[in-house]
Amino acid sequence: MAKFKEYRIDQIEEICNLGKALSSPVRLEILQLLYRDSMIIGEIAKRLNLPASSTAFHLKILEKAGLIRMEEQPGTRGSTKLCTRKVDILTIHTTKPSKDVKEVFSAEMPIGSYSSCEVSPTCGLYGLDGSIGNDDKEFSFYLPERVKAGILWSSSGFVEYKFANGIPSGCEVDRLSLSMEICSEAPGFREDWKSDITVWVNEVDCGTWTSPGDFGARRGRLMPSEWLLGSTQYGLLKNWEIRKDGCYINGEKVSDVTIDMLKVMEKPYVKVRIGNKPDAKYVGGFNIFGKHFGDYDQDIILAMEY
């Protein structure tokens, strides 16, 4: 698999090191040698008919530029260094992004692609091919087929997702939003079944919305014909938004937690948990709808502005 590396024009020292590393024909030959195989310094020196000292000098420059990796290995006479390529394709962005123009990274997560969960009956998953596992059986939430779910439900607990964090390094996130179709969970359905549904981002409580009910009095706009009447049919489209000045749910401020508190850039993923707090006033469960189910043709959408 090809290994990519990107540079911004304001990464002056890194780009200068890269330019120095690529300015020598000998170092370009070394990179070609390492394309298929890792080699020790002595092997590279022999292939290029160079003194070992000169070879080590060139390798040090390549290592400083981040193009190769050198690791000590035991040899017949002490230790030696094994050299391995780190990068196949380089991209240098020669234009500096304007601070006045925002960029957006977004990802849509299938509702069944959660990384962790805690559920309790009534609970289950259903996709376009029918039921996934058995209703009210917790083991069903661990089946590989769960990724095909178009609706999932539980009377309490949570589901947790890890979204890839595609924000370029060195950038600052100004706003994060999370959009989903969701409602309470009652046996069958109950239009007046309240549930306090909370969203956590990177383990930080980002606000609770009280769902007014588990909606089933009419068929959901996208629900497949095989889905029985008398069951949950649709949810409400809710949007959690974390800004510089606090958390909002559908535009209404619910807490003073800010985007900086989420520490988004510390990890290559963003952890999102959706569910009921054990001590919530209304532990009324949740239904989460994905594509081709409910009223809105979407999965869970995460967007970050930077």
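Trainee: Leaving aside neighbours within four places in sequence, which residues is Asp174 in contact with?

Mentor: This is a predicted model, to begin with. Beyond those neighbours, Asp174 is in contact with Lys102, Ile242, Arg243, Lys244, Ile259, Glu305 and Tyr306.

Trainee: What joins the side chains of Asp174 and Lys102?

Mentor: A polar contact of 2.4 Å.

Trainee: And where is Asp174 placed?

Mentor: In a loop, with β11 (157-164) on one side and β12 (175-183) on the other.

Trainee: Buried or exposed, that Asp174?

Mentor: Asp174 counts as buried, because its relative accessibility is 17% and the cut-off for buried is under 20%.

Trainee: Next, Phe293. Where does that lie?

Mentor: Phe293 is also a loop residue, between β19 (286-289) and β20 (300-305). With a relative accessibility of 1%, Phe293 counts as buried.

Trainee: What is Phe293 in contact with, apart from neighbours within four places in sequence?

Mentor: The list is Tyr126, Gly127, Leu128, Gly150, Ile151, Glu181, Leu222, Met223 and Pro224.

Trainee: How far apart in space are Phe293 and Pro25?

Mentor: Their C-alpha atoms are 59 Å apart, and the two residues are separated by 268 residues in sequence.

Trainee: Switching to helices. At what angle do α2 and α4 pack?

Mentor: About 75 degrees, with 10 Å between the axes of α2 (residues 25-33) and α4 (residues 52-64). So α2 is roughly perpendicular to α4.

Trainee: Which residues meet there?

Mentor: From α2, Val26, Arg27, Ile30 and Leu31; from α4, Phe57, His58, Leu59, Ile61 and Leu62. By class, that contact has seven nonpolar residues, one polar and one charged.

Trainee: Now the whole chain. How many helices and strands does it have?

Mentor: Four helices and 20 strands.

Trainee: And what is the radius of gyration of the chain?

Mentor: It is 26 Å, whereas a compact globule of 306 residues would be near 19 Å. The C-alpha trace spans about 80 × 45 × 35 Å along its principal axes.

Trainee: What share of the residues count as buried?

Mentor: Of the 306 residues in the chain, 44%.

Trainee: Last one: of contacts between residues at least 6 apart in sequence, what share join residues at least 24 apart?

Mentor: For this chain, 70% of those contacts.

Note on methods. Residues are numbered from 1 along each chain as its sequence is written. Side-chain values use heavy atoms; hydrogens and water are left out. Helices (H or I, at least four residues) and strands (E, at least two) are DSSP runs, numbered from the N terminus. Buried means under 20% relative accessible area, exposed over 50%, partly exposed in between (1.4 Å probe, protein chains only). A polar contact is a pair of N or O atoms within 3.5 Å; within protein, one must be able to donate a hydrogen and the other to accept it, and residues adjacent in sequence count only if both atoms are side-chain atoms. Contact means heavy atoms within 4.5 Å. Axes are lines fitted to C-alpha atoms, for helices over the stretch in contact, and angles run from 0 to 180 degrees between N-to-C directions. Angles under 35 degrees count as roughly parallel, over 145 as roughly antiparallel, 65 to 115 as roughly perpendicular and the rest as oblique. Ala, Val, Leu, Ile, Met, Phe, Trp, Tyr, Cys and Pro count as nonpolar, Asp, Glu, Lys and Arg as charged, and the others, Gly among them, as polar. The radius of gyration is taken over C-alpha atoms; the globule rule is 2.2 Å times the number of residues to the power 0.38.
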